[in-house]
Amino acid sequence: MLRTENIIIPSIIHGLINFAFGTGELKSETIRRISDSASKGINWNSIIPTTIFFIFILIGGIYMIRKSDTDVMLTKLR
């Protein structure tokens, strides 16, 4: 954030790192089971709550970014 003076760039990088660590935890057996169940069709009972959860997190993050004062944060970090 200090380098870019923008909170959005570090937020995106943070999300990508979390995603990478999460996918790194999948074991080959889990990946095989996911592939097998994906070929059988869409499991809406899992997709809908997960999508709602991530939309809630996204909206909360956007709200916090818009409410934050970048100048105050940069002053405290320097």
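The exercises below work through a predicted model of one protein chain.

Residues are numbered from 1 along each chain as its sequence is written. In this predicted model local features need pLDDT of at least 70 and side-chain atom pairs count only at pLDDT 80 or more, while totals for chains, interfaces and linings use all residues, and side-chain values use heavy atoms, with hydrogens and water left out.

**Exercise 1.** Describe the fold elements and the confidence of the protein chain.

Step 1: Helices (H or I, at least four residues) and strands (E, at least two) are taken as DSSP runs numbered from the N terminus, and the chain has four helices and zero strands, in the order α-α-α-α.

Step 2: With pLDDT as the predictor's confidence in each residue, from 0 to 100, the chain has a mean of 79, and 83% of its residues reach 70 or more.

Step 3: Confidence is lowest in α2 (residues 28-40), at a mean of 70, and highest in α3, at 85.

**Exercise 2.** Determine what share of the residues is buried.

Solution: Buried means under 20% relative accessible area, exposed over 50%, and partly exposed in between (1.4 Å probe, protein chains only); buried residues make up 3% of the 78 residues.

**Exercise 3.** Characterise the lining of the largest pocket.

Step 1: A pocket is an open set of points on a 1 Å grid over the protein atoms alone, where a 1.4 Å probe fits, with protein on both sides within 12 Å along at least five of seven lines, and lining residues have an atom within 4 Å of a point.

Step 2: The lining includes I8, H14, F54 and I65, and the elements giving two or more residues to this lining are α1 (8-24) and α3 (44-67).

**Exercise 4.** Classify the aromatic pair of F53 and F54.

Step 1: Rings of Phe, Tyr and Trp (its six-membered ring) pair if their centres lie within 6.5 Å, and planes under 30 degrees apart count as stacked, over 60 as edge-to-face and the rest as tilted.

Step 2: F53 and F54 are 5.3 Å apart centre to centre with 70 degrees between the planes, hence edge-to-face.

Step 3: F53 is partly exposed at 46% relative accessibility, whereas F54 is exposed at 52%.
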